[in-house]
Amino acid sequence: MALDENGKRIFKVVGTRPPRPDGIDKVTGRAMYGADATAPGMLQGHILRSPHAHARIKSIDTSEAEALSGVKAVVTAKDFGLPDDESVLDVQDNCMARDKALYDGHPVAAVAASSAAIAKKALKLIKVDYEILPHVTDVDEAMKPDAPIVQTGRAMEDLPDGLSENVTYHFEFGHGDMDAGFAKADKIIERSFKTAATHQGYIEPHACLASMNSDGKGELWCCTQGQFYVRELCADIMQMDASQLRVTASEIGGGFGGKTTVFIEPVALALSRKSGRPVKIVMTRDEVFRATGPTVSSSTDVKIGMTKDGRITAAHATLRYQGGAFPCGTVQFGAQSAFAAYDLEAVQTIGWSALTNRPKEAAYRAPGAPMAIYAVESVVDELCQELNLDPLDVRLKNAAQKGTKSSYGPTFDDIGLKATLDAAKAHPHYAAPLGPNQGRGLSCGFWFNFGGNTCVSMNLNFDGTVGITEGNPDIGGSRASISQMAAEELGIPYEKVRTIVADTNSIGHNDVTDGSRVTFAVGLATIKAAREAIKEMCTRVAKIWDIDADAVYWEDGYAKPSGPNAGTFDPMSLEEIAAISAQTGGPIAGHHEVNADGAGVSFGVHLVDVEVDPETGATTVLRYTVFQDAGKAIHPDYVEGQMQGGAVQGIGWALNEEYIYGEDGLLQNPSLLDYRIPVASDLPNIDTVILEIPNPGHPYGVRGVGETPIVPPLAAISNAVSRALDLRMFELPMSPPKILKALSSKV
Amino acid sequence: MKNIHVSTTINGDPTEFICNPDESLLDVLRNRLGLTGAKEGCGTGDCGACSVTVNGRLVCSCLVLGVEAEAAEVETIEGMANGEKLHPLQQHFIDGAALQCGVCTPGILVAAKALLEKNPNPTDTEVRYWLAGNLCRCTGYDKIIKAVQSAAAEMRGA
Ligand code: FES
Ligand code: FES
């Protein structure tokens, strides 16, 4: 649905900052999250996990555990079938190892018992006979021909010579004559970079409550970004009809992409089926780190040529990502997004993906883009330094704009990159003085955004209030923005609308809350549903007035006669129309179902000042400003919140966060003490500047905003640190020991 | 292990429960008393989602034993509002959009209330250091610090 023709419309509700509908529940402790539900007769489920990075499971003896008093069910891979779909089988294998444990923490068995203490005791009684196998956790090592093979039979087709069977995917994007492009350059820089795997780090561990009845009906309550996808995966794995499994999404305590799949839900369902009782599973933080999430780790080579006056003549990147023990296509997004911010005549990106003995990658906010753009923006910054050019001017000179053929194929429509760069340039932050050991860095960021399958229904109550039923878990205030768009379109106060997130049997399929899609796609469907309800209201009023339906129009919450020819009637409000709807044909509703496209890509620019302590290697973020195009900010507070939260996750990634594996292939830091996410005292305020360049694909111009903000911080901070130290950094995180090491090698 | 009987006061109400000697106060609150407002983000004292006060002292309830509540005054998020009337911190968190997913919010509110009782007029840096034990992954803390400061100002009558 395209941008409304009246693009200059004056909004009344959209753009304001009303209180969110779930606010009181969340500040009083009443909101029900994944771990907060109970059921009569509920058992506690616990999972036994591999203590080895890679091992063949020769046998599992569960007899002693089963004999323990209070134990009601024990399951292993034998209790699951073999789904036909390879990607579903991968999900199932990740939930319960079949013949090999593929990483430290991989589930091998599970118990349901009458108490947590008994369940834990039972886990100790399960005897697993392992044959330990050689392992690999580093992406470059995993691609070498003599690397331990993580899973056989998963290599890409036409695997080139000299590469391990672990290599599962290869992607190439680009256009133009690379040789000619590099020949035109005055300066060419070629560098290699590495980034560590990081975890989404949601504060709420995964939790679910499953109940399977003997008649084949099931109920599942869980914290998820997508109850419909959970239902599909679980119904496939449990070999039951989707209609028989009702999945309810609890309030969700953060996801960032990490709650778009299942880890414990099929296990809880299997335990419930076997025991005949409801089963609850709540992960510990150790389990969350070892067996869910993280993002990919990467190794990247970038080569860029530039003229003396700052025009990029050619750009090349080779990206190698590992996404754990199962095939993972995330490198495709990296290869597509690496150079998206630039208008280039010659560009090529090559992506490789490899298996390692690590947990299965889960999406993390703009999956694949931050590490690719980190490498690219680092080289652009070094070129600016070498050629003595202003880094913002260089970005402006090469910026993609409407009509640019993007590095990954499509031609851009209206985009806000140049406006965002101009805003950064004009901002006082860019001109502020810097002290000793301080540096300023910047980076562009990009994300595709997504629309997808969406279903919304809107019901008018007899008292003139409006209920909206949608199917996307509210992860950061979306119920408020959906209500705002409904109120705007209907012309009624925000307080008259209540939006709820429905279970899988109460509304049609909605794609997962991902791809920054909810405010865009659910918003679009809500506006359409409202227009349908308005049409029906006008029809009813036309009947009452006994005139043609198209002689009635809707304005500011009232049905009005469209002109003198239509006759003279007092406008009728939504409230009046709803109140008599039983007499005019029954309840009034609107609904809309769509597979939305036109999401509109999103660009941002981040500006950061840091100070590096040369004695300790510690970096302090002094000042941070985020500039981003939101298309149209429906609820600006929550748009700013996305910009701030994403920036801070990126700050953690740049400076501290990493999965650390020992020689033994075991994760060494599976706790929030040793995997250190940013805390309040690490940070300054995060300033935000929202730009609004309307997305042509949405009636109000909305673009998704959730993912782009995690993209720029990696390079922005690396560029700032590199300038502060006068020493280029090539690896993330730039934790104090790494900075000290780099400093000691400085001559 | 035999269960132990405990008499305590929670949010002003006399309360009795039995628990295992090794059971955390957080587990008692959540699993035995139905007070699920305190959250378990880690169980190891690293996230602050389980923050409550015991005899006025801010603690991670995952690191306190249930039996330690004997004869103590425990305050949880469920006791922060006065009936219908939200505490100023609660109101300012809603008004200032200081929560996104909200799972850190109960712990942060309890911790912030404890701060303002000790120091009604903290600097931003003092707020940031006081809340350093309360992890929030969604907000980047910016709006949390601002909401605490605007609630503090209101409570001072400023
Ligand atoms: S659950 Fe107590 S500090 Fe994390
Ligand atoms: S609002 Fe989600 S962790 Fe703080």
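Student: At what angle do α2(B) and helix α5 (residues 142-155) of chain B pack, and how far apart are their axes?
Tutor: This is a predicted model in which local features need pLDDT of at least 70 and side-chain atom pairs count only at pLDDT 80 or more, while totals for chains, interfaces and linings use all residues. Residues are numbered from 1 along each chain as its sequence is written, chains are lettered from A and ligands numbered from 1 in the order in which they are written, and side-chain values use heavy atoms, leaving out hydrogens and water. Axes are lines fitted to C-alpha atoms, for helices over the stretch in contact, with angles from 0 to 180 degrees between N-to-C directions; helices (H or I, at least four residues) and strands (E, at least two) are DSSP runs numbered from the N terminus. For α2(B) and α5(B) the angle is about 135 degrees, and the axes are 8 Å apart.

Student: Which word describes the direction of α2(B) relative to α5(B)?
Tutor: Angles under 35 degrees count as roughly parallel, over 145 as roughly antiparallel, 65 to 115 as roughly perpendicular and the rest as oblique. The angle here is about 135 degrees, so α2(B) is oblique to α5(B).

Student: How do the residues of the contact of α2(B) with α5(B) divide?
Tutor: Contact means heavy atoms within 4.5 Å. From α2(B) come P88(B), L89(B), H92(B) and F93(B), and the α5(B) side includes I144(B), A147(B) and M155(B). Ala, Val, Leu, Ile, Met, Phe, Trp, Tyr, Cys and Pro count as nonpolar, Asp, Glu, Lys and Arg as charged, and the others, Gly among them, as polar. The division is 8 nonpolar, 2 polar and 1 charged.

Student: At what angle do the axes of α2(B) and α3(B) cross?
Tutor: Helix α2 spans residues 88-95 of chain B and helix α3 residues 105-118 of chain B. Their axes come within 10 Å and cross at roughly 130 degrees.

Student: Which residues of α2(B) make the contact with α3(B)?
Tutor: On the α3(B) side the contact includes I108(B), L109(B) and L116(B). The residues of this contact divide into 6 nonpolar, 2 polar and 1 charged. Those from α2(B) are L89(B), Q90(B) and F93(B).

Student: What area is buried between chain A and chain B?
Tutor: Buried area is the accessible area (1.4 Å probe) that two parts lose on being put together, summed over both. Here 49 residues of chain A are in contact with 42 residues of chain B. Carbon and sulfur atoms give 56% of the buried area, which is about 3700 Å².

Student: Which three residues supply 18% of the area that chain A buries against chain B?
Tutor: Their share is more than that of any other three residues. They are V27(A), I203(A) and A680(A).

Student: How many salt bridges are there between chain A and chain B?
Tutor: A salt bridge is a side-chain nitrogen of Lys or Arg within 4 Å of a carboxyl oxygen of Asp or Glu. R30(B) and D36(A) meet in a salt bridge at 2.7 Å, N to O. Between chain A and chain B the count is 5.

Student: How many residues apart in sequence are the parts tied together by R17(A) and E640(A)?
Tutor: The side chains of R17(A) and E640(A) meet in a salt bridge at 3.2 Å, N to O. R17(A) lies in the segment before α1 (23-28) of chain A and E640(A) in helix α19 (residues 636-655) of chain A, so the parts tied together are apart in sequence by 623 residues.
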